[in-house]
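Thanks for coming. I will take a few minutes to go through one structure, and you can follow along on the screen.

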Amino acid sequence: GSCYFPSRVQQMFPEDLLLVEMDVDSYLGMPLRDSSGKSTGILVVMDDKPMEEISIAQQVVDVFAARAGAELGRREAELAMKQSEEQYRLVYENMAQGVFYQGADGRVLDVNTAALGMFGLTYDEMMSLDPETSEWDALREDGSVFPAEELPSTLAMTTGQEVRDVTLGLFNYQINQYVWMNVNAIPQFRSGEERAFQVFVTMHDITRRRSFEHNYHTLFREMLDGFALHEIICDESGNPVDYRFLDINPAFENLTGLKADDLRNHTVLEVMPGTEKHWIETYGKVALTGEPCLFENYSEALDKHFQVTAFRPASMQFA
């Protein structure tokens with residue numbers, strides 16, 4: 001509501017030294033409220049003589065209070081929005097993931113620092129790319145050219161559907177070589193519109209991981225030791241009763257005479273029903289406890305002696 005004291009404020013509040021110093025005789029106060037009705041302050045009118053026509057003065061002050069409250073609310077909203085945008089920009093610019101927005105016409109609308117590093121371009125170069133003449137130099141995983149119309153951002157824009165976890169090689173113009181990305185593209189729509197007006201694209205650099213994977217597969221293929229990855233199979237009581245082949249390398253094929261295509265996703269008892277129980281028990285202990293083992297043993301099924309090292313790379317597995 002409102003409050004006012006038409007005269008002799010000093011007599012009513014003699015302890016208020018400010019009123020005495022300002023020689024206040026009359027006082028009128030109106031609350032300031034924003035558009036939601038929340039109180040944001042108070043508008044005060046003071047005079048050194050008694051106010052006349054209190055009701056008129058109240059109406060006038062009430063109008064000014066309404067205007068001032070709305071303006072304060074607007075400014076607070078603007079400040080909150082500005083702070084939110086600054087926080088968003090801070091996170092956006094310091095993300096490890098590359099992020100950029102692409103408009104319906106193919107032009108880049110905004111891009112963060114990480115994405116610029118992945119493209120090997122400056123901000124101005126990225127923003128000035130002409131979609132009519134500029135094409136992303138990208139490769140598929142098999143090394144073939146990634147068609148522009150099948151790039152995640154293009155597909156997301158044309159189909160209106162999210163495109164997730166696409167792996168592609170992107171040429172970096174700063175280091176003059178391809179870097180490998182995991183890319184997601186999400187179309188964004190305005191309220192009431194069915195066609196996307198922009199696409200939000202995120203890129204995660206997987207070059208190092210891909211290099212490690214490549215080195216692992218090279219070692220896997222070229223190593224002289226036979227290597228096999230298995231999944232242990234247990235009965236209802238948790239006792240190992242069989243194991244399944246997940247992957248084997250060429251050396252394993254050469255040492256055992258077994259072929260990868262005949263083993264993958266099959267169990268050892270399906271492939272070699274005569275497999276001795278102690279092999280399953282030994283490997284089961286490794287898979288269940290994580291304790292590695294090194295031993296020499298004879299396989300009746302293969303009629304060969306083997307020196308075996310077994311370890312657990314993941315839960316319920318052994319290699």
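Predicted model: local features only at pLDDT ≥ 70, side-chain atom pairs only at ≥ 80, totals over all residues.

Now the inner pairs. Strand 4 and strand 9 are antiparallel and share 6 bridges. Within that pair, Gly103 has Gln198 in strand 9 as its bridge partner. On to strand 8 and strand 9, which run antiparallel and are joined by 8 bridges. There, Asn184 is bridged to Thr202 in strand 9. Strand 7, residues 163-172, pairs with strand 8, residues 177-188, again antiparallel and over 8 bridges. In that pair, Leu170 stands opposite Val179 of strand 8.

Let me stay with Thr202 for a moment. Thr202 sits in strand 9, which covers residues 198-205. Is Thr202 buried or exposed? Its relative accessible area is 11%, and the cut-off for buried is under 20%, so Thr202 counts as buried. Leaving aside residues up to four places away in sequence, Thr202 touches Gln97, Gly98, Val99, Asn182, Val183 and Asn184. Asn184 in that list is also the bridge partner of Thr202.

How many cavities of 30 Å³ or more does a search of the whole structure find? The search finds 1.

Now the open sites. The largest pocket holds about 720 Å³ of space. It is lined by 29 residues, and those closest to its centre are Gly226, Phe252, Tyr283, Gln307 and Val308. The elements giving two or more residues to this lining are strand 10 (228-234), strand 11 (240-248), helix 8 (250-256), helix 11 (277-289), strand 12 and strand 13. Which element gives the largest share of the lining of the largest pocket? That is strand 13, with 5 residues. The class breakdown is 21 nonpolar, 7 polar and 1 charged.

The second largest pocket has about 390 Å³ of space. Of its 23 lining residues, the closest to the centre are Gln102, Gly106, Pro131, Trp136 and Thr154. Strand 4, residues 98-103, and helix 6, residues 152-159, each supply at least two lining residues. Helix 6 gives the most, with 4 residues. This lining divides into 9 nonpolar, 7 polar and 7 charged.

Strand 12, residues 293-299, and strand 13, residues 304-310, are antiparallel over 7 bridges. Phe295 has Val308 of strand 13 as its bridge partner, and Val308 is one of the residues closest to the centre of the largest pocket. In the turn is Asp303, which has a positive phi of about 55° although it is not a glycine. Asp303 is exposed, at 54% relative accessibility.

A second residue of this kind is Asn265, which is not a glycine and has a positive phi near 70°. Asn265 lies in the loop between helix 9 (260-263) and helix 10 (268-271). At 58% relative accessibility, Asn265 is exposed too.

Last, helix 3, residues 54-93. Its 40 residues at 1.5 Å a residue should span 58 Å, and the end C-alpha atoms are 57 Å apart, so the two values agree. Which residues of helix 3 are buried? They are Ile54, Ala57, Gln58, Val61, Ala65, Gly69, Gly73 and Tyr92.

That is what I had to show.

Methods: Residues numbered from 1 in each chain as written. Heavy atoms only, no water. Pairing = 2+ DSSP bridges. Expected span 1.5 Å × (residues − 1). Buried < 20%, exposed > 50% of the residue type's maximum accessible area, 1.4 Å probe, protein only. 1 Å grid on protein atoms, 1.4 Å probe; cavity = no way out; pocket = protein on both sides within 12 Å on 5 of 7 lines; lining within 4 Å. Points joined across faces, edges and corners; volume = space filled by probe spheres on them. Nonpolar A, V, L, I, M, F, W, Y, C, P; charged D, E, K, R; others polar. Contact = heavy atoms within 4.5 Å.
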